[in-house]
Amino acid sequence: MVVTPTPLPTQVQLDRRTFVMGAGALGALLVAGCGSSPEPTASPTTSNPDALNLALRFDPNTYALATIPQRLVVSVINNRGEPPETLPETLEFQLTRDGSPVGSAIATVAHDDGVPIAYFPVRTTIDEPGAYALTTIVAGATISAPLVVSDPSTSLLVEPGSALPSVDSPTVDDARGVDPICTR
């Protein structure tokens, strides 16, 4: 399948009111979310409460790492933090940097079985750290969310395939101040 990336819309300057409305939508998404998943981040584009946003369901500035396969979990919500009434089964996501497409668009199927807000697990590997945006088109509207990708050497996370950090434990030969050592 050949996918033609769509150009990004021009940047939108957010006034304080729009920012506050977007933060409210983000709060509503947190309340509606399931489990104790990290806070999503959204990019409100207008003060229209029905306008759609792309919400990252993790802190991209902490968890997105370059050169390591990533699963970027995103949802589509409006400025009230609600999902749209209808949503395509599959969306194509385009990673961009400085307004230019990076790689091919990524077709991703919605996961909506048993969750209040459908999410799209976008799987990709980003070659280098930097500021990016993840963009898609829903109902004719282009929506995006900013994404900062970090150098994996700066992360405290243990990634698949990485060695676990060593943990010094008390032993009979070196009690490390623990007395008595008890394994009961």
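The protein chain averages a pLDDT of 76, and 72% of its residues score at least 70, where pLDDT is the predictor's confidence in each residue, on a scale from 0 to 100. This is a predicted model, so local features need pLDDT of at least 70, side-chain atom pairs count only at pLDDT 80 or more, and totals for chains, interfaces and linings use all residues. Residues are numbered from 1 along each chain as its sequence is written, and side-chain values use heavy atoms, with hydrogens and water left out.

Please be careful at the start of the chain, because where pLDDT is low, the predicted coordinates should not be read in detail. Over residues 1-45 the pLDDT stays under 50, and for this stretch the model has 72 contacts beyond four places in sequence, a contact being heavy atoms within 4.5 Å.

Now to the chain as a whole. It contains 2 helices and 8 strands, which follow one another from the N terminus in the order α-β-β-α-β-β-β-β-β-β. Both kinds of element are DSSP runs numbered from the N terminus, helices being H or I over at least four residues and strands being E over at least two. Of the 184 residues, 34% count as buried; buried means under 20% relative accessible area, exposed means over 50%, and partly exposed lies in between, with a 1.4 Å probe and protein chains only. The accessible surface comes to about 11,300 Å², and 53% of that belongs to carbon and sulfur atoms, the areas coming from the Shrake-Rupley method with a 1.4 Å probe and, for residues, only the protein chains shown counting as cover. Among the contacts with a separation of 6 or more, 57% are between residues 24 or more positions apart.

Which strands form the open sheet, and in what order? There are 4 of them, in the order β5-β4-β7-β8, and the pairing is antiparallel. The edge strands, each pairing on one side only, are β5 (100-109) and β8 (141-149), and from one strand to the next the twist averages 25 degrees. For that angle, axes are lines fitted to C-alpha atoms, for helices over the stretch in contact, and angles run from 0 to 180 degrees between N-to-C directions.

In β8, V149 is the bridge partner of G130, and I143 is the bridge partner of T136. The hairpin of these two strands has 2 residues between them, and A139 takes a positive phi near 50 degrees there. On β4 (residues 90-97), the antiparallel pairing with β7 runs over 3 bridges, and L95 has L134 of β7 as its bridge partner.

Is β7 mostly covered or mostly open? It is mostly covered, with 7 of its 9 residues buried. T135 lies in this strand and is buried, at a relative accessible area of 4%. The C-alpha atoms of T135 and Q94 are separated by 5.1 Å, although the two residues are 41 apart along the chain.

Finally, the charged side chains. Side chains of opposite charge can pair when their charged atoms come close, and a search of the whole structure finds 5 salt bridges, each being a side-chain nitrogen of Lys or Arg within 4 Å of a carboxyl oxygen of Asp or Glu. R176 forms one with D168, the closest N and O atoms being 3.4 Å apart, and another with D174, at 3.2 Å from N to O. In this group R176 is partly exposed at 45%, D168 is exposed at 56%, and D174 is partly exposed at 39%. Elsewhere, salt bridges that share partners join D50, R80 and E82 into one network.

Technical notes
Two strands pair if DSSP finds at least two bridges between them.
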